Number of protein chains: 2
Amino acid sequence: MTGDREQFQDAPIGVFDSGVGGLTVAREIMRQIPNEKIVYFGDTARVPYGSKSRDTVTRYSRQIVRFLQAQKVKAIVVACNTASAYALDELEREIDIPILGVVKPGAKVAAESTGNGKIGVIGTEGTINSRIYATYIKQIDEGIEVIGKACPLLVPLVEEGLLKDPVTDEIAMRYLSELKDLDIDTLILGCTHYPLIRSTIGRIMGERVTLVNPAYETARELKELLKAEGLLNQKEMGLGENKYRFFVSDSAEKFKQFATSILKYGILSAKIVNIEDY
Amino acid sequence: MTGDREQFQDAPIGVFDSGVGGLTVAREIMRQIPNEKIVYFGDTARVPYGSKSRDTVTRYSRQIVRFLQAQKVKAIVVACNTASAYALDELEREIDIPILGVVKPGAKVAAESTGNGKIGVIGTEGTINSRIYATYIKQIDEGIEVIGKACPLLVPLVEEGLLKDPVTDEIAMRYLSELKDLDIDTLILGCTHYPLIRSTIGRIMGERVTLVNPAYETARELKELLKAEGLLNQKEMGLGENKYRFFVSDSAEKFKQFATSILKYGILSAKIVNIEDY
């Protein structure tokens, strides 16, 4: 049994996203639990999820979970807010390893952080329309008001690399002015791309508003979960071991470029998987 | 035999695109050959194609062609520039009904239009990187210079409805300034979304530059092709007949909204197809 457990502790964590954005979540896991191996899957052939329906996003997520299980992961992190919003509950029922999304940890910290009981959430259309952040927050405190705002253009702007650009400022300003007027004191960055323009968002919202990055909170919660279940990896990785493995459903070139801008080190390889076969 | 031919003439034309953009092509077909029935497929579950690889776009296109053949279409129009660029040659070899893309008709008219032998092309990354417009244009006249420019942000801006907006003007200006400096006299709108911001593009490029809309040219070529093959529909449609049918691979709601802004009349229904099954 002990041998089995050690082998299981040594297994990687599966992290998936609709594309590259989830790398901001993977990055936090690498920082906070550096002993853990990661298998990352980015669904670059079908990205984005944010504008697609619940059924489609759930079907895609299910295929990816099957792929990750074939990689013998010990736990799964749904690094995509839209997939967490739409598919997490169903996935949880279907598999027997721990699975956590980015929404619940983000919601929890936001509920703890707010002083005036007014929380803003920005995200894709899918995430905002699902009202999933509000659902979780109101389970913690029914009295908190949650105001969502879909920001569909921020993802393409970030992916075009316009991180510090007057156009991104202008578009962010349009999206955020409504939330500013409503006097929120906490803002959840409800899409994995947004931490990359955190300084722009922070400048617009002002110092009084606390920005919550669910990626950070998710990595923290993952660590606690692994600890509680006795699943933390006890061994340090040897040099040359394949600690982080990356898979995509479409051409790896663009993925590698973007990954290099997010992660400290470049990604040497990302394998292409025909995800529709899973 | 005559009966068979009449039945075949009466069959619909299949039109497909990665999403809603191809409706600008369908609209031209409706205008120029109003007797024809259309089966439109928009791959809204996997949109966009413009940033994806040749292999993926070809695989997706092949599935859609199989779906359209199951609808017994008499001809197929690949209304998506990226799919035309990447997949048309292979699809042509695989099926025995006429199939045409939007690239060749656009290239032909641009080659006829240019006076100074300098043609610009704007499109998605896929279309521009394929250099497909240059390939066709140089088959007509080796001496013509073709300058491509990928404009990845224009599609999301158009889909957000920012058709007349300073942000769209600013982004379009950045993309187009290079082409302006190179003194082109003809510009191909190499993505189905661009005709919707034709006036913005025209204002930036100036009166001296001819804008070529491949959608218009494709409908014209389709009409000639059907005539030459004896496939033009001779019958006028009865009232209440289902002339235009729409299928999508994801939620029909957004598709219907966008369609209503492009087509004169609203779309009453769009059926959802699980395209991965084809």
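1. A salt bridge is a side-chain nitrogen of Lys or Arg within 4 Å of a carboxyl oxygen of Asp or Glu. By that rule there are 6 salt bridges between chain A and chain B. In one of them, the side chains of R174(A) and D165(B) meet, N to O, at 2.7 Å.

2. This is a predicted model, in which local features need pLDDT of at least 70 and side-chain atom pairs count only at pLDDT 80 or more, while totals for chains, interfaces and linings use all residues. Residues are numbered from 1 along each chain as its sequence is written, chains are lettered from A in the order in which they are written, and side-chain values use heavy atoms, with hydrogens and water left out.

3. Contact (heavy atoms within 4.5 Å) between the chains takes 32 residues from chain A and 32 residues from chain B. The buried area, meaning the accessible area (1.4 Å probe) that two parts lose on being put together, summed over both, is about 2,300 Å², and carbon and sulfur atoms give 48% of it.

4. Helix α2 of chain A, residues 23-32, has 9 of its 10 residues buried; buried means under 20% relative accessible area, exposed over 50%, and partly exposed in between (1.4 Å probe, protein chains only). Helices here are DSSP runs of H or I with at least four residues, and strands are runs of E with at least two, numbered from the N terminus. Among the buried residues of α2(A) are R27(A) and E28(A). The cover over the buried residues includes β1, β2 and α11 of chain A.

5. D17(A) lies in strand β1 of chain A, residues 13-17. D17(A) is buried but has no salt bridge, and K52(A), the nearest side chain of opposite charge, is 12 Å away; Lys and Arg count as positive and Asp and Glu as negative, with His and the chain ends not counted. Beyond four places in sequence, the contacts of D17(A) include Y40(A), D43(A) and T192(A).

6. In chain B, K74(B) and E36(B) form a salt bridge at 2.6 Å, N to O. The two residues are 38 residues apart, K74(B) in the loop between α3 and β3 and E36(B) in the loop between α2 and β2. Both K74(B) and E36(B) are buried.

7. R174(B) and E170(B) also form a salt bridge, at 2.7 Å between the closest N and O atoms. Because they are 4 residues apart in helix α9 of chain B, about one helical turn separates them. R174(B) is partly exposed at 31% relative accessibility, and E170(B) is partly exposed at 34%.
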